[in-house]
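Biologist: Could you take me through this structure step by step? I would like to ask questions as we go along.

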Amino acid sequence: MRVSLFVTCLGDRFFADAAADAVRLLRSLDVDVDFPPNQTCCGQPAWNAGHVPEALDMATHTAAVFADSDYVVLPSGSCTAMLRHTYPRLLDSPELAERSYELAEFIVDVLKVIEIGRGLEGRQIAYHHGCHALRELGVEQQPVRLLESAGARVVPWEMDQECCGFGGLFSVKTPEVSVAMADRKLDTLPDVQTVVSADGGCLLQLEGRARRRRMPIRFRSLASTLWEARRGST
Amino acid sequence: MEVRSRDYRERARHIIEDTPDVREAVTAATITFVENRSKAFADLDAEALSRWAEQVKSHALTHLGDYLEEAEARLVERGVHVHWAETASDVHQIFKSIVRENDVQKVVKAKSMLSEELALNPFLESCGVEVFETDLGEYIIQLLGEPPSHIVGPSIHKSLEDTRVLFHERLGTPRDASPERLAAAARDLLRGQFLTADLGVSGGNFLVAETGSIALIENEGNIRLSTSVPRIHVALVGIEKVLPRWTDLPTFLQITSKSATGQPVGTFVSIIQGPGGAAGGEPDGPEEVHVVLVDNGRTRLLADPEVWEALRCVRCGACLNICPVYRQTGGHAYGYVYSGPIGAITNPGLVGLEETWPLPFASTACGACKDVCPVRIPIPDLLHVWRRRAVERGLTSPEEASVLRLWASAATRARLFGWAENLAALVPDWALRRLPMLREWTAGREPPRAAGQTFRERWDEGIE
């Protein structure tokens, strides 16, 4: 099976380790991963801010980059939602949408794999559901099942499905509200050392705020956590 | 009501930083509402109900003229004075003549968000009329001189402690009075007003065209009293409130109550169809009933093919309760009558995008509102329409537009993009903190730590 990794702009710059772990994980599951070099940004920041022509340019570019890919896998729920939900409207074609998957979604729903390893034995994790993965893609159980089947305990968190306050440009245009939202998430965290999420934006937001508050919590991408789960047993 | 939405960010900042109790009060109350709502729908097919409700409301809105005329005919048959008002000043003129002809001295008011749009209280006061809000929450904010902070719970931003202090100062209740004691104090005072008021004013949750019935949902009994005790009753009804059939009403009453507070239905539901004692009409009730059908921007919104669906709203407030942005500030940050997600899509249509353009951006596009809307308003899509228009009309920041244009032109040239990424990584921390946008980020958060190499560089070197 051939898969093109869409690393996404945040992933390329800020989560290169996580993206490399996603590649390792997919390869270990017998997936042939390629990386079309002309990929850039899906255009979501422009779309969300209401700049449609710019978003269209980036969507057109992205659709061309991945035109020949069997599957496009993204280590990001939000960018996947952009491809799945907004591209069909922007580009007037559902074509790329139907081939694009968030990483955990791809592993569980396409590869039909749930047991990836036991490398998370005894770990206590809080899982932050990114809004777009959860509500636009309907990805809710997949990451949790992967983590739990690897031995982690996903600790109940009353605010695990509430927005972290990132929201792309929202975080810098309305920073006071954005930070208050992050605080609500952090203030309700259960007693865990690690918070995992499939979305880079959410991780930057929550980690940036937690570091400012000097909270000793580790923020990990889902891709790296899953690779840890896999590697621990291989 | 004056529109003060352009300084949304400043107002939000002020509330969060200077009045932190507001955030606590609003968060606690909305979380309770959300929990009660999910319990109320637990054993029901909420999606099927919302699909039905969506279809009924959309049908009513696309046949609005017919149904409004049908409602008018039924109401007139039973002796109701029906008025059509296009603007707030039309409504004011209608009240002016009612007040003059009947020598009205005192008004008791049931909760009505529409009356806030129309700035009715200041107008009545300018006519020399004394106005009492009779909903407990509305009464609290009337004493404080504040507008409502929530569609359903107008004083949601106030804590019990706030009310204790207020009532102690204004009504002489003990400083540590129980909630029951506070409610009793308001009740004692308001009971006298109900009995001596000349005129009762209400809104209307629904107007049934088939029967000419105005339905009102409440929990305190103050609407029942306001609409039945005074000699005259005036109901302000937004034209979008119409339902075609009598049999539509029970389900709408239920989904509205369940969505709002989680109650099976409000404690009191009043159905008003005309004055008491008229031939062929109601056996009792006020001597004179007026229904004012108010447009105030609704026709313009209805004619807008991209956003008209906002008019399906039944004002349950479920989207406010679930909205994590709303929860941080309550409604006052939004600077106009309707707050939260529904305000962000409705206010630009009612009073113009120029005055309200920051509101559609007061959202992370998290989509939680869409899932709870009982009439399936596609709120995130409508937010996006207003965002796009704000950009197209040049209302948003020109710097942001330049940055995004640059970003897009780099992102369509992969080489340039990789180069720009590397250049960005070279900017030292102290400089990052001074750049626009990054300055906003770092005011409350540490800047992201860029990994040494980009992924594309690693890929080129080979991933082991």
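Biologist: How many residue pairs are in polar contact between chain A and chain B?

Modeller: The count is 28 residue pairs between chain A and chain B. Please note that this is a predicted model, and that both residues of each such pair have pLDDT 80 or more.

Biologist: Which helix of chain A gives the most to the side that touches chain B?

Modeller: That is helix α10 of chain A, residues 175–187, which gives nine residues.

Biologist: And how do the residues on that side of chain A divide into nonpolar, polar and charged?

Modeller: There are 31 nonpolar, 15 polar and 19 charged residues on the side of chain A that touches chain B.

Biologist: How many salt bridges does the rule find across the interface?

Modeller: It finds nine salt bridges between chain A and chain B. One salt bridge joins the side chains of A:Asp12 and B:Arg456, with 2.8 Å from N to O.

Biologist: What area do the two chains bury between them?

Modeller: The size of an interface is often given as the accessible area lost when the parts come together. Chain A and chain B bury about 5800 Å² between them, and 59% of that is on carbon and sulfur atoms.

Biologist: Which three residues supply more of the area that chain A buries than any other three?

Modeller: They are A:Arg13, A:Glu176 and A:Arg212, which supply 13% of the area that chain A buries against chain B. As for contacts, 65 residues of chain A meet 65 residues of chain B.

Biologist: What is B:Thr442 in contact with, leaving aside its neighbours within four places in sequence?

Modeller: B:Thr442 is in contact with A:Arg212, B:Arg433 and B:Pro447. B:Thr442 is placed in helix α23 of chain B, residues 438–444, and is buried, with a relative accessible area of 8%.

Biologist: Now to aromatic rings. Which residues form one cluster with A:Phe35?

Modeller: B:Phe455 and B:Trp459 form one aromatic cluster with A:Phe35. Over all chains, the structure holds 15 aromatic pairs.

Biologist: Why is the pair of A:Tyr71 and A:Tyr101 called tilted?

Modeller: The planes of the two rings, A:Tyr71 and A:Tyr101, are at 55°, so the pair is tilted; the ring centres are 6.0 Å apart. A:Tyr71 lies in strand β3 of chain A (residues 71–74) and A:Tyr101 in strand β4 of chain A (residues 100–102), so the pair ties together parts that are 30 residues apart in sequence.

Biologist: Are those two tyrosines buried or exposed?

Modeller: A:Tyr71 is partly exposed, at a relative accessible area of 23%, whereas A:Tyr101 is buried, at 18%.

Biologist: What about B:Tyr139 and B:Phe167?

Modeller: B:Tyr139 and B:Phe167 form an edge-to-face aromatic pair, with 6.3 Å from centre to centre and 75° between the planes. B:Tyr139 belongs to helix α8 of chain B (residues 136–144) and B:Phe167 to helix α9 of chain B (residues 160–171), so the pair ties together parts that are 28 residues apart in sequence. B:Tyr139 counts as buried at 4% relative accessibility, and B:Phe167 counts as buried at 0%.

Biologist: Which residues of helix α8 of chain A are buried?

Modeller: In helix α8 of chain A (residues 141–149), the buried residues are A:Gln142, A:Pro143, A:Val144, A:Leu146, A:Leu147 and A:Ser149. They pack against α6 (103–110), β5 (124–128), β6 (153–154) and α12 (222–231) of chain A. Just after this helix, A:Gly151 takes a positive phi of about 100°.

Biologist: Which phi value does A:Asp30 have, and where is the residue placed?

Modeller: A:Asp30 has a positive phi of about 65°, although it is not a glycine. A:Asp30 is placed in the loop between α2 (16–28) and β2 (32–34) of chain A, and is exposed, with a relative accessible area of 68%.

Biologist: And A:Arg214?

Modeller: A:Arg214, a residue other than glycine, has a positive phi near 55°. A:Arg214 is placed in the loop between α11 (200–212) and β8 (218–221) of chain A, and counts as exposed at 75% relative accessibility.

Note on methods:
Residues are numbered from 1 along each chain as its sequence is written. Chains are lettered from A and ligands numbered from 1 in the order in which they are written. This is a predicted model: local features need pLDDT of at least 70, side-chain atom pairs count only at pLDDT 80 or more; totals for chains, interfaces and linings use all residues. Side-chain values use heavy atoms; hydrogens and water are left out. Contact means heavy atoms within 4.5 Å. Buried area is the accessible area (1.4 Å probe) that two parts lose on being put together, summed over both. A salt bridge is a side-chain nitrogen of Lys or Arg within 4 Å of a carboxyl oxygen of Asp or Glu. A polar contact is a pair of N or O atoms within 3.5 Å; within protein, one must be able to donate a hydrogen and the other to accept it, and residues adjacent in sequence count only if both atoms are side-chain atoms. Helices (H or I, at least four residues) and strands (E, at least two) are DSSP runs, numbered from the N terminus. Ala, Val, Leu, Ile, Met, Phe, Trp, Tyr, Cys and Pro count as nonpolar, Asp, Glu, Lys and Arg as charged, and the others, Gly among them, as polar. Rings of Phe, Tyr and Trp (its six-membered ring) pair if their centres lie within 6.5 Å; planes under 30 degrees apart count as stacked, over 60 as edge-to-face and the rest as tilted. Buried means under 20% relative accessible area, exposed over 50%, partly exposed in between (1.4 Å probe, protein chains only).
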